[in-house]
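This short report looks at a ligand and the pocket around it. Please view the structure first, then read on.

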Amino acid sequence: MSLNIKINENYFNVKKNYLFSEIAKRVNAYKTANPDADIIRLGIGDVTLPLSPVVVEAMKKAADEMGDAATFRGYAPEYGYDFLREKIAEYYKKFPVNLSAEEIFVSDGAKSDVGNIVDILGDNEILIPDPVYPVYLDSNIMSGHKVKFIAGNRENGFLPMPDGIERRPYVIYLCSPNNPTGAVYGRDALKKWIDFANETGSLIIFDSAYEAFISGDYPHSVYEIEGSKTCAVEICSFSKTAGFTGTRCAWSVFPDELTVGENKLSFLWSRRQATKFNGVPYVVQRAAEAALSDEGQKQCRESIAYYMENARIIAAVLKEKGIYFTGGENSPYLWLECPDGMTSWEFFDFLLEKAQIVGTPGAGFGDAGEGYFRLTSFGSRESTLKAAERLKKLL
Ligand code: PLP
């Protein structure tokens with residue numbers, strides 16, 4: 001017999017994302033028809049280089065501590081161990097941004113925080129860039145929220161701005177550097193968003209998961225912009241910075257100045273986390289601490305430099321061919337306009353058939369992504385160079 005309870009019907013409104021299953025289906029069909037094809041995957045959104053040695057050492061040492069009665073630890077504090085919260089606060093000083101350890105909440109992922117923050121917010125109007133990381137949209141749909149898209153396009157360089165948006169309070173998601181477009185907000189552009197948010201009483205949820213890939217003069221943290229502490233939460237992650245996609249550690253910043261009436265937003269987040277989250281394993285937090293040590297940052301930067309050299313190699317071909325693209329300079333993603341007016345999926349098939357290269361169709365990241373295509377620099381140098389040669393011949 002079926003249950004006689006009410007369920008969250010909003011879940012049926014989340015669009016099934018066929019993107020990666022459809023990619024797999026088409027690649028498998030191509031492989032079956034062409035068993036000897038040397039397929040190069042430039043669609044990878046995951047890191048491929050191993051953890052840095054200093055991170056691995058820290059994990060081993062922490063594992064030994066867990067195996068010794070004198071140093072064993074049980075439940076971790078819900079908001080993170082002080083040693084890591086303090087280390088993250090210290091990391092921000094180089095931007096330079098001043099935060100206290102108490103304003104930083106450690107978690108097991110930016111995805112978790114992006115999804116969970118909806119718990120502490122009411123039924124607001126939501127502004128979400130298009131195209132963007134799909135979790136912002138889906139987590140709001142699951143809560144039945146009204147979402148408006150702010151379109152990225154060639155005119156705004158895939159950096160939507162607040163101009164022309166009706167002045168009301170919103171919850172606004174910004175992702176810089178952006179996944180999938182690699183576009184990154186400059187200081188003036190970000191200041192316009194901060195001013196808009198402060199003037200309208202809006203909250204900005206700023207996803208800086210790719211800040212470590214920035215090499216130009218762009219803000220790494222939203223708190224580099226004056227006025228941001230009264231309107232912005234920042235969510236960042238060790239996933240791409242330190243290769244932690246399988247290790248799991250991230251953080252969110254809730255500044256003390258961020259209030260709704262008399263209430264600090266951090267009060268709600270700390271209650272949420274204490275009730276529903278058990279903290280990040282000690283071993284992982286020690287690994288994260290090591291990633292932020294001077295030596296750890298140096299080693300992580302070497303991995304990022306490797307990916308960014310891959311990005312440069314792909315970008316050079318696109319430039320040579322006069323193809324419009326964003327990203328690739330401060331981001332592991334390159335977002336290109338499909339040549340000859342092809343749709344995202346037409347270009348996917350074209351690249352697979354003619355060059356045996358797999359990328360990601362832009363339409364999978366939102367309607368405004370149609371006609372665009374994402375390539376990533378997370379592959380090996382060898383496969384990136386080979387792909388660049390094939391692209392040079394084909395495009
Ligand atoms: N934010 C963006 C923009 C991402 O692209 C991703 C992962 O791809 C995440 C957050 C998720 O990060 P985490 O691995 O910390 O959950």
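Which helix gives the most to the lining of the largest pocket? The answer is α5, with three residues. Keep in mind that this is a predicted model.

## The largest pocket

The largest pocket has a volume of about 710 Å³. Its lining counts 27 residues, and Gly45, Lys111, Tyr133, Asn179 and Lys240 are the closest to its centre.

Several helices take part. At least two lining residues come from each of α1 (19-33), α4, α5 (135-142) and α7. By class, the lining has 13 nonpolar residues, seven polar and seven charged.

## The ligand and its shell

The ligand takes up the space of the largest pocket. Around the ligand are 14 residues, of which Ala110, Asp207, Tyr210, Ser237 and Ser239 come nearest. The shell has six nonpolar, four polar and four charged residues.

α4 (110-116) and α7 (238-241) each supply at least two residues of the shell.

## Polar contacts and burial

What lies 2.6 Å from an oxygen atom of the ligand? It is a polar side-chain atom of serine 237. In tyrosine 210, an N or O atom of the side chain is 2.7 Å from a ligand oxygen atom. Lysine 111 uses its backbone instead: an N or O atom there lies 2.9 Å from an oxygen atom of the ligand.

How much of the ligand does the protein bury? Taken alone, the ligand exposes 400 Å², and the protein buries 90% of that.

Key
Residues are numbered from 1 along each chain as its sequence is written. This is a predicted model: local features need pLDDT of at least 70, side-chain atom pairs count only at pLDDT 80 or more; totals for chains, interfaces and linings use all residues. Side-chain values use heavy atoms; hydrogens and water are left out. A residue is near a molecule or strand if one of its heavy atoms lies within 4 Å of it. A polar contact is a pair of N or O atoms within 3.5 Å; within protein, one must be able to donate a hydrogen and the other to accept it, and residues adjacent in sequence count only if both atoms are side-chain atoms. Accessible areas come from the Shrake-Rupley method with a 1.4 Å probe; for residues, only the protein chains shown count as cover. On a 1 Å grid over the protein atoms alone, a cavity is a set of points where a 1.4 Å probe fits but cannot get out, and a pocket is an open set with protein on both sides within 12 Å along at least five of seven lines; lining residues have an atom within 4 Å of a point. A molecule sits in a cavity or pocket if more than half of its atoms lie within 2 Å of its grid points. Helices (H or I, at least four residues) and strands (E, at least two) are DSSP runs, numbered from the N terminus. Ala, Val, Leu, Ile, Met, Phe, Trp, Tyr, Cys and Pro count as nonpolar, Asp, Glu, Lys and Arg as charged, and the others, Gly among them, as polar. Grid points are joined across faces, edges and corners, and a volume is the space filled by probe spheres set on the points.
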